[in-house]
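Q: Please walk me through reading a structure like this. Where do we start?

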Amino acid sequence: MKPLVDCVRSGVLRGAVAMVGCNNPKVRPDYAHIELMKKLIKHDIILVLSGCSAQAAAKAGLMDKEAKSLCGEGLKRVCELVDIPPVLHMGSCVDISRMMILASDIAKDSGWNISQIPLVGCAPEWMSEKAVSIGNYVVATGIDTYLGVDPYTKGSTEVTELLQGETGTKKWVEANFTVELDIEKLGDKMIQAIEDKRKALGI
Ligand code: SF4
């Protein structure tokens with residue numbers, strides 16, 4: 001992981017987003033996935049994907065090496081040097097465990113806690129119970145996770161606070177959920193979160 005950590009530390013890469021999840025009838029199919037991916041790679045944020053999010057990226061050509069033309073200068077350079085596309089496939093949605101192992105390896109090689117890594121999770125069009133489990137796993141690992149569709153928890157202020165506030169999972173595992181239905185704003189919030197984590201690390 002050391003070359004990757006060096007790229008993040010130096011700022012050539014600003015960070016990473018682990019994007020996962022379904023299509024949801026409340027969102028035009030693939031729209032949120034693709035628009036967010038384009039926005040993030042333009043900001044030198046590398047993407048690792050699984051499940052239907054990865055299918056969306058592949059269909060849109062974002063897993064082709066030519067997609068480097070959509071990247072910021074830093075990520076474009078990394079793609080050229082390593083000969084990879086800016087959006088990487090890590091398997092089916094339940095293969096999220098692979099991403100968590102990757103995050104653990106980055107933590108070991110960087111000396112940062114997982115919650116400190118400039119990395120966030122995202123499920124912009126989540127739909128199924130399986131995606132709920134996956135999202136909870138990511139948060140429980142210490143990675144802030146961004147949702148583009150409301151979780152069915154608004155009926156309880158206590159559960160909403162537990163999942164999205166500062167006194168629930170944030171206090172226990174240093175991560176929580178952020179819900180933002182406006183996809184443009186969702187992307188801005190993830191970029192800001194990554195920059196905030198960089199600032200906290202002094203990089
Ligand atoms: S839970 Fe189903 S719909 Fe959602 S990402 Fe996984 S395979 Fe796709």
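A: Start with burial. A residue is buried if 20 or more other C-beta atoms, placed from the backbone, lie within 10 Å of its own. This is a predicted model: local features need pLDDT of at least 70, side-chain atom pairs count only at pLDDT 80 or more, and totals for chains, interfaces and linings use all residues. Residues are numbered from 1 along each chain as its sequence is written.

Q: Is Gly121 buried or exposed?
A: Gly121 has 28 C-beta neighbours inside 10 Å, so it counts as buried. Gly121 sits in strand β4 (residues 119-123); strands are DSSP E runs of at least two residues, numbered from the N terminus.

Q: Which residues is Gly121 in contact with, leaving aside neighbours within four places in sequence?
A: Contact means C-beta atoms within 7 Å. The partners of Gly121 are Ala18, Val20, Val138, Ile143, Thr145 and Tyr146.

Q: What span should helix α2 have?
A: Helices are DSSP runs of H or I, at least four residues. The expected span is 1.5 Å times one less than the number of residues. Helix α2 (residues 31-42) has 12 residues, so it should span 16 Å; its end C-alpha atoms are 17 Å apart, which agrees.

Q: Which residues of α2 are buried?
A: They are Ala32, His33, Ile34, Leu36, Met37, Leu40 and Ile41.

Q: What follows α2?
A: Asp44, with a positive phi near 60 degrees.

Definitions and conventions: Buried ≥ 20, exposed ≤ 12 C-beta atoms within 10 Å, placed from the backbone. Contact = placed C-beta atoms within 7 Å.
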